[in-house]
Amino acid sequence: MAEGIKDKVAIIGMGCTKFGELWDKSADDLMIDAFQECIEDAGIEKKDINAAWFGVHFEEQSVGKGATSMALALKLPFIPVTRTENFCATATEAFRGACYGVASGAYDIALALGVEKLKDTGYGGLPGGPGLMGTKNALIMPKLTAPGAFAMMATRYFAVYGLKPDEGKKMLAKVSAKSHYNGARNPKAHLRREVTEEQIINAPIIAWPLGLFDCCGVSDGSAAAIVTRADMAKKFRPDPVYVKALQIALSSGEELMYTKWDGAHVETGYRAGMLAYKEAGVKNPREEISMAEVHDCFSITEAVTMEDLEFSPRGKVKEDIEAGRFNHDGPQPIQPDGGLKCFGHPIGASGLRMLHEMYKQLQGKAQLPERQIKNPKLGLTHNMGGFPAMNIVSIAIIGL
Amino acid sequence: MIGIKSYGAYIPRYRMNHNTIFMSVGFLGSFPPPGENAVANHDEDALSMAVAAGIDCLSGMKREIVDGLYLATTSQPYMVRQNSALVATALDLQSDIRTADFVGSTKSGTTALLSAFDAVKGEMSTNILVCASDCRLSKPGSPQESLYGDGAASLLVGSDEVIATFEGAYSVSYDFPDRWRASGEKFEHAWEDRFIRDSGYGQFISEVISGLLEKYKLNIKDFAKIIYPGLYAREHGAIAKRLGADPSQLQDTLRSTVGDTGSASPLMMLVAALEDAKPGDKILVASFGNGGDALVFKVTEKIGNITDRRAVKKHLASKKELASYEKYLAFKNLAPMDLGMRGEISIRTPMSALFRERKVVLALCGSKCKKCGTPQYPYQRVCVNPDCGAIDQMEDYRFSDKKGVVFTYTGDNLAASIDPPSVYGLVDFDGGGRFWFDFTDCDLDSVKVGMPVEMTFRRRYVDESSGVHGYSWKAVPISA
């Protein structure tokens, strides 16, 4: 039985740019901004970095293939740089690479950086194209978009748990309203306006039953982390944050092509979650996980994720949402920084952005006092890439 | 005995009333007669409709018996790349068959049928599927716009279990320049209607039917049904009168309910006649187009064996009005509609991958695990059943003829579509198997989880830069 990653690696610095439609920033600009903030926070210099992992998803929209773009942008001095890509888990994969790199003893200090420049496509939503899911799928898959793919999970959730469309939409509206509340209070967030449940419910439909406010922002941004071996961490700062678990799970085809999956949950989310709890030694996630940044690309995704991660019992998330459990002042705050919904979602940066928020909260350094969660112990981040029927979920748990 | 073994037809869901056309382009001086036309959906064309008619015709029959497919059309999407071979692939027919395109004239439907009889009679073929299908593009405001409708018919020709025996034929051929479309042209040209009617339609149909009657010493009064296209309503009746036929013998031309379906027209009328035929009935079919063919059939006792066909009747009854002329223009790509930049993303079809995956993409074939019996789409080498996982224990499994239910769905306004929202979802197939598909011929409001669906072959895209017409299968609510 493998030992796992728990307490072997520490984060000693992080940086995150403002997310948004940053028309005057290139991917290089974003990388440099996140990197600067990150090494300043770590109190190190560029030459101290032994190796780097670089995450970007839609490389054809911005930096091109390989990892050279980051090496060149940051003028990294001939060190190993590895490109990662795994849908929305891309940044978490970069972080995983860096963590395993230092945990193995191969390196002392490693950089993980994720970036995405989405707003150079000329249209709303994520970049489309026939090649995204491979040649064969381009010929047989429906021409689906991300909102459509996740809307199908909402349709299914409503059907499985007997929610009428208006009941279901009301539940989802509360999810988004909470994130807007948090995003409005975060200076680095993309969408910084509170919206009412009524506005959310009455917004134009993007993909039935999901409306505009059920969908996250499509943003530009970058985030970065410096990691080191746990035994070295205190040399750099008094309050390093330790990695407790790193897990990913990928679909086996069972959800899409076999008929057992109920379509109202994400199997990979459940599997990765259970493995992460085991790795971190978490017995009761509802009580022990102080806070989380989960992959709320759509309101329904956050709702089912609460069940997949056993924050809420199956089919019962509605009760917890209605009770305000996941609000900033609730017992288990979710998306304290606004989430993908309002902080924004530059694909290749999102996992590190989530870790940035958990890291700052754990250190008690959420920029503004009203944003600070009281005495968090463990923070969880969760990324889901692909579609509910065919996807990847990555989970990280970090703590003091 | 050589004859027809089975029949099928297809009429698209949408109908456009001639008033809709008149209200939009009547200012050009076109005054269509009352009626409506069948209009292909934006994802349909001559090939997709030929496949639909073929499926109807082969319903309940083993596809392995078919050793030939003849496609008749004047609106084939490909000038090079055999259209009939594509239809045969979509129908999941064997590869050791004869395929041929019969194109260039609206008599091609009957000519394909005659050629099938020749091949079976000459014992070169055993069972030939004839599909006739037309989906012709007309210039907005032209007389053809209200004259032409979209539709398809299919007949299985063989020598056993025939429901109607082939008794004889007579043909005439003229280089009659009533309509023409040169290579590379989008629209047909037409000479003056009075010329077409008086020098062609009225002449050739009379000539070919008279020739037939004389050749076989037949009496026009002996036919239960007489079939020929109804391009000109008054002349249609006048021809019958000149031939000495009673108006009650004339088969409805579908002119005011479907429109003139070109190559498919006489065969669709024949299918409609067979739906009502009794053993012993004699049926005369004539086509019109650069001359014409006339054929005689005699219905056998086996006619009662053919049931469960949608044919013409059920398709006629299942319809939805396309009340917007602008939407019609959009469906037919006759006006440059904005799909947004997302809709401008180019599709470069990898033809070698398409050929390699032809059974998956064009025939909707997956695999069935010989170890655990799980059907799966697309074809898998490693069984998807987590309790099985057998490797290379698969046999081919056709999903195109399986029904299913909607597992989940959405109506997507972000996806580029000429007819938003783009409706799609996951389908659970009866007997096992699940996959996601675009839905078509349906309205979002009518789609429900658990709703029964079936599969339909559709044109997925036209990539103008590479000239590729791409096809795949979509799910459609079971309507008839």
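Helices (H or I, at least four residues) and strands (E, at least two) are, throughout this talk, DSSP runs numbered from the N terminus. What I am showing is a predicted model, in which local features need pLDDT of at least 70 and side-chain atom pairs count only at pLDDT 80 or more, while totals for chains, interfaces and linings use all residues. Residues are numbered from 1 along each chain as its sequence is written, and chains are lettered from A and ligands numbered from 1 in the order in which they are written.

Let me begin with chain A, whose secondary structure comes to 14 helices and 11 strands. The C-alpha trace of chain A spans about 60 × 45 × 45 Å along its principal axes.

Within chain A I would like to pick out one helix pair, namely helix H6 (residues 165-184) and helix H11 (residues 299-308), whose axes come within 9 Å and cross at roughly 95 degrees. Axes here are lines fitted to C-alpha atoms, for helices over the stretch in contact, and angles run from 0 to 180 degrees between N-to-C directions. Angles under 35 degrees count as roughly parallel, over 145 as roughly antiparallel, 65 to 115 as roughly perpendicular and the rest as oblique, and H6(A) and H11(A) are therefore roughly perpendicular to each other. Two residues are in contact if their C-beta atoms, placed from the backbone, lie within 7 Å; on that basis H6(A) contributes A:Met171, A:Leu172, A:Val175 and A:Ser176, and H11(A) contributes A:Ser299, A:Ile300, A:Glu302 and A:Ala303. By class, the residues of this contact between H6(A) and H11(A) are 5 nonpolar, 2 polar and 1 charged, where Ala, Val, Leu, Ile, Met, Phe, Trp, Tyr, Cys and Pro count as nonpolar, Asp, Glu, Lys and Arg as charged, and the others, Gly among them, as polar.

Next, the backbone. Most residues other than glycine have a negative phi, and most peptide bonds are trans. In the loop between H11 and helix H12 (317-322) of chain A sits A:Glu310, a residue other than glycine with a positive phi, near 60 degrees. The peptide bond from A:Trp208 to A:Pro209 is cis, with omega near 5 degrees, and A:Pro209 lies in the loop between E5 and strand E6 (210-211) of chain A.

How do the two chains meet? In this model, 35 residues of chain A are in contact with 42 residues of chain B. On the chain A side, the elements that give two or more residues are helix H4 (135-140), helix H5 (146-160), strand E5 (205-207) and helix H8 (254-257), with the largest share, 7 residues, coming from H5(A). The residues on that side of chain A divide into 19 nonpolar, 12 polar and 4 charged.

Turning to chain B, we find 12 helices and 22 strands. A compact globule with 480 residues would have a radius of gyration near 23 Å, and the 23 Å of chain B agrees with this.

The domain assignment, with bounds that come from an automatic or database assignment, divides chain B into domain 1 (3-331) and domain 2 (348-364 + 399-477). The C-alpha centres of these two domains of chain B lie 28 Å apart, and their contact takes 18 residues from domain 1 and 15 residues from domain 2. On the domain 1 side, the elements that give two or more residues are helix H2 (46-57), helix H3 (83-90) and helix H10 (325-331) of chain B, and H2(B) provides the largest share, 4 residues.

Finally, one sheet of chain B: an open sheet of 3 strands, in the order E16-E15-E17, with antiparallel pairing, two strands being paired if DSSP finds at least two bridges between them. Strand E16 (375-376) and strand E17 (394-398) of chain B are the edge strands, each pairing on one side only. Strand E15 (residues 365-369) of chain B pairs with E16(B) over 2 bridges in the antiparallel sense, and B:Ser367 stands opposite B:Gln376 in E16(B). The loop between E16 and E17 of chain B holds B:Pro378, and the peptide bond from B:Tyr377 to B:Pro378 is cis, with omega near -10 degrees.

Methods
The radius of gyration is taken over C-alpha atoms; the globule rule is 2.2 Å times the number of residues to the power 0.38.
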